[in-house]
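Q: I have this one open and have never looked at it before. Can we go through it piece by piece?

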Amino acid sequence: MMRHLISAADLTRDDAVLILDTTEEMARVSDRPIKKLPALRGRTICNLFFEDSTRTRISFEAAEKRLSADVINFAAKGSSVSKGESLKDTAQTLEAMGVDAVVIRHSASGAPYRLATSGWIDAPVINAGDGTHQHPTQALLDAFTMRRRLVGEDALGQDLTGKRITLVGDVLHSRVARSNVDLLHTLGADVTLVAPPTLLPVGVEHWTCDVSYDLDAVLPKSDAVMMLRVQRERMNAAFFPTEREYSRRYGLDGERMAKMPEHGIVMHPGPMVRGMEITAEVADSDRCTVVEQVANGVHTRMAVLYLLLGGNEPAVSHARPTDSENK
């Protein structure tokens, strides 16, 4: 494993499969009555969040505590950042306190990379989302969910070769879409983006995926369909006529879900806007993995933290004792 996790594009196939396999081990630990491991006892991890978050921040905190790490939660609101303190000064403050790793979410694309390469802090940096750029742990938990559902729980060492994944909606503003395209391509999946032309980024034709404007045509050959949230907070113009028109063309309802293969699953990174991008019927169906994704997020982040701070060996050994050990 590398020292930092800044982008899903930085991961090789072997890196990604190692993380997914370690996530499987962490998921098994979470099924035990006592869900903690002593792997990071004595280590201090800072969650440095300059942008609002619920799922990601709580997920990282739960993962850190299950690995027995000491946790510092930093929110920009109410801190010296609101008084004008720079990222550099904040980082140097954390370095002086002796933190062992930093999980950072920032509204500026490239902030985690800057923190990791600046020399301001000598600790692994994990990107928890930066602007519209990357969100690698989200892509990893999504890939883990897909592998479990589409390949099986006994899929250690396997990737997603041949699986057909469709991402639908606001690709332009989505760091989740960018991260998923990068990681799923690395894992061998065939990815298709479906969105109105106004919600596709410039240069998307150079991405490692196909592009379509017709959701109904793509659904019958999709093993997994991920609906993306329309990110109004990042929009400064009218990207589609009305919510009703968007929902009619690109929303997923029960009738559309029925066009998918029987084994096909529906995913969403959250939070969902019910009634616009996805109906309640679909969101609450057995084929929707949203709740699983949240649970798998904790397991995935445990795996990433363990591999960056603990080691490259399996977190939990299931090997049978040898004859000599039994004597």
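Q: Which residue in β4 stands opposite V102?
A: V102 stands opposite V125 in β4. Keep in mind that this is a predicted model.

Q: How many bridges link β3 and β4, and in what sense do they pair?
A: β3 and strand β4 (residues 125-130) are joined by four bridges, in the parallel sense. H106 has D130 of β4 opposite. Between the two strands the chain runs through helix α4 (residues 111-117), and this β-α-β crossover from β3 to β4 is right-handed.

Q: And which other strand does β3 pair with, over five bridges?
A: That is strand β1 (residues 44-49), also parallel to β3. There, I45 stands opposite A101 in β3.

Q: Is β3 mostly covered or mostly exposed?
A: Mostly covered: of the six residues in β3 (residues 101-106), six are buried.

Q: Which of them point which way?
A: A101, V103 and R105 point to one side of β3, while V102, I104 and H106 point to the other, and all are buried. In a regular strand, side chains alternate between the two faces of the sheet.

Q: Zooming out, what is the strand order in the sheet?
A: The order is β2-β1-β3-β4, four strands in an open sheet with parallel pairing. β2 and β4 are the edge strands; each has a single partner, so one side of each has no neighbour in the sheet. On average, neighbouring strands of the sheet are turned by 10° against each other, direction ignored.

Q: Changing topic: how many aromatic pairs are there?
A: The structure has two aromatic pairs. One of them is F50 with F74, whose ring centres are 5.9 Å apart.

Q: Where in the chain are F50 and F74?
A: F50 is in the loop between β1 and α2 (55-66), and F74 is in strand β2 (residues 70-75). They are 24 residues apart, and the pair links distant parts of the chain.

Q: Are those two buried or exposed?
A: F50 and F74 are both buried.

Q: Which residues make the pair with 40° between the planes?
A: Y246 and Y250, with 5.9 Å from centre to centre; this pair is tilted.

Q: How far apart are Y246 and Y250 in helix α8?
A: They are four residues apart in α8 (residues 243-250), so about one helical turn separates them.

Q: Why does Y246 count as buried?
A: Because its relative accessibility is 2%, and buried means under 20%. Y250, at 4%, counts as buried too.

Q: Are C209 and C288 buried or exposed?
A: C209 is buried, with a relative accessible area of 14%. C288 also counts as buried, at 9% relative accessibility.

Q: Last one: how far does helix α1 reach from its first C-alpha to its last?
A: α1 (residues 13-30) has 18 residues and reaches 26 Å, close to the 26 Å expected at 1.5 Å a residue. It is mostly covered, with 14 of its 18 residues buried.

Terms used. Residues numbered from 1 in each chain as written. Predicted model: local features only at pLDDT ≥ 70, side-chain atom pairs only at ≥ 80, totals over all residues. Heavy atoms only, no water. Buried < 20%, exposed > 50% of the residue type's maximum accessible area, 1.4 Å probe, protein only. Pairing = 2+ DSSP bridges. Right-handed = clockwise from strand over helix to strand, strands pointing away. Phe/Tyr/Trp six-rings, centres within 6.5 Å; stacked < 30°, edge-to-face > 60°. Axes fitted to C-alpha atoms, helices over the stretch in contact; angles between N-to-C directions. Expected span 1.5 Å × (residues − 1).
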